[in-house]
There are 2 protein chains.
Amino acid sequence: MNDIYYMKIALKEAEKAYKHGEVPIGAVIVKNDKIIGKGYNLKEKKYNAMAHAEILAITKASKKIKNWRLNGCTIYVTMIPCPMCASAINQSRISKVIYGTVPNTVDKEIIYKILNGNEYGVPVEIVENVLNDECSSIIRKFFKKKR
Amino acid sequence: MNDIYYMKIALKEAEKAYKHGEVPIGAVIVKNDKIIGKGYNLKEKKYNAMAHAEILAITKASKKIKNWRLNGCTIYVTMIPCPMCASAINQSRISKVIYGTVPNTVDKEIIYKILNGNEYGVPVEIVENVLNDECSSIIRKFFKKKR
């Protein structure tokens, strides 16, 4: 399977967040061409500022393999990770992050610095702009509806 | 109650981590002079790279008040937060972070930038070096025993 295939699954996760009235972001973790964790943003529903798609996906993947070390895994996420999620990806030793869109307001430099750091975790390979249009349009649709 | 009092409780949390064979770091969240969340590092036991003291304490505090917004709260943590926890503190709108020790290897600049950022969350007031010696000595003791 290719990156488009898995990003479409991450987008399906984002749609679940949308249906729950949450900012529509989704994530999927893949190891050896097998999905071992998925998640979508549930910050409001879970009363938890940390219930981001990536955090929930990492939690599920780690539980599944009974190991916090996710070496060799790729995480697909519809939006560039925030600093918290970037550091969680780096510290859980995920090998590669593939993301969809980047909002204009985001300081990419600090995110890349966290992903690439070896102070807490392991440098992560980064691929950007996979299905950028689809990943940003669901977020635009969400905020348009909110206003 | 003063900062020393609450940091001693965070240290007691760190001791629990020590007993579990985990890097001994503890955290306590206080609102209006009442403890609403505590936690200690359980990364190995929970198979989760994100099971840091601060993350577990924030999760408990948010569940307790059924709100992800922890405005007006102070978090006491025995060691400077990592980028993940710094961002979680910032995004959960905790007002103040009071920490004990800083390992030499840590790039404080990036941590402070995350804590002070208003891109994802709310700038956090920072107080450093509360019970620094006690907070660092338990970590030194842990790594000495490990070797």
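Across the interface of chain A and chain B, 8 residue pairs are in polar contact, both residues being at pLDDT 80 or more. A polar contact is a pair of N or O atoms within 3.5 Å; within protein, one must be able to donate a hydrogen and the other to accept it, and residues adjacent in sequence count only if both atoms are side-chain atoms.

This is a predicted model, in which local features need pLDDT of at least 70 and side-chain atom pairs count only at pLDDT 80 or more, while totals for chains, interfaces and linings use all residues. Residues are numbered from 1 along each chain as its sequence is written, chains are lettered from A in the order in which they are written, and side-chain values use heavy atoms, without hydrogens and water.

The two chains compare as follows in their contact (heavy atoms within 4.5 Å).

| Chain | Residues in the contact |
|---|---|
| chain A | 32 residues |
| chain B | 32 residues |

The area buried between chain A and chain B is about 2800 Å², and carbon and sulfur atoms give 65% of that area. Buried area is the accessible area (1.4 Å probe) that two parts lose on being put together, summed over both.

Between chain A and chain B there are 4 salt bridges, a salt bridge being a side-chain nitrogen of Lys or Arg within 4 Å of a carboxyl oxygen of Asp or Glu. D107(A) forms a salt bridge with K113(B), with the closest N and O atoms 3.9 Å apart.

I58(B) is in contact with M50(A), and also, leaving aside neighbours within four places in sequence, with residues of chain B including I29(B) and L70(B).
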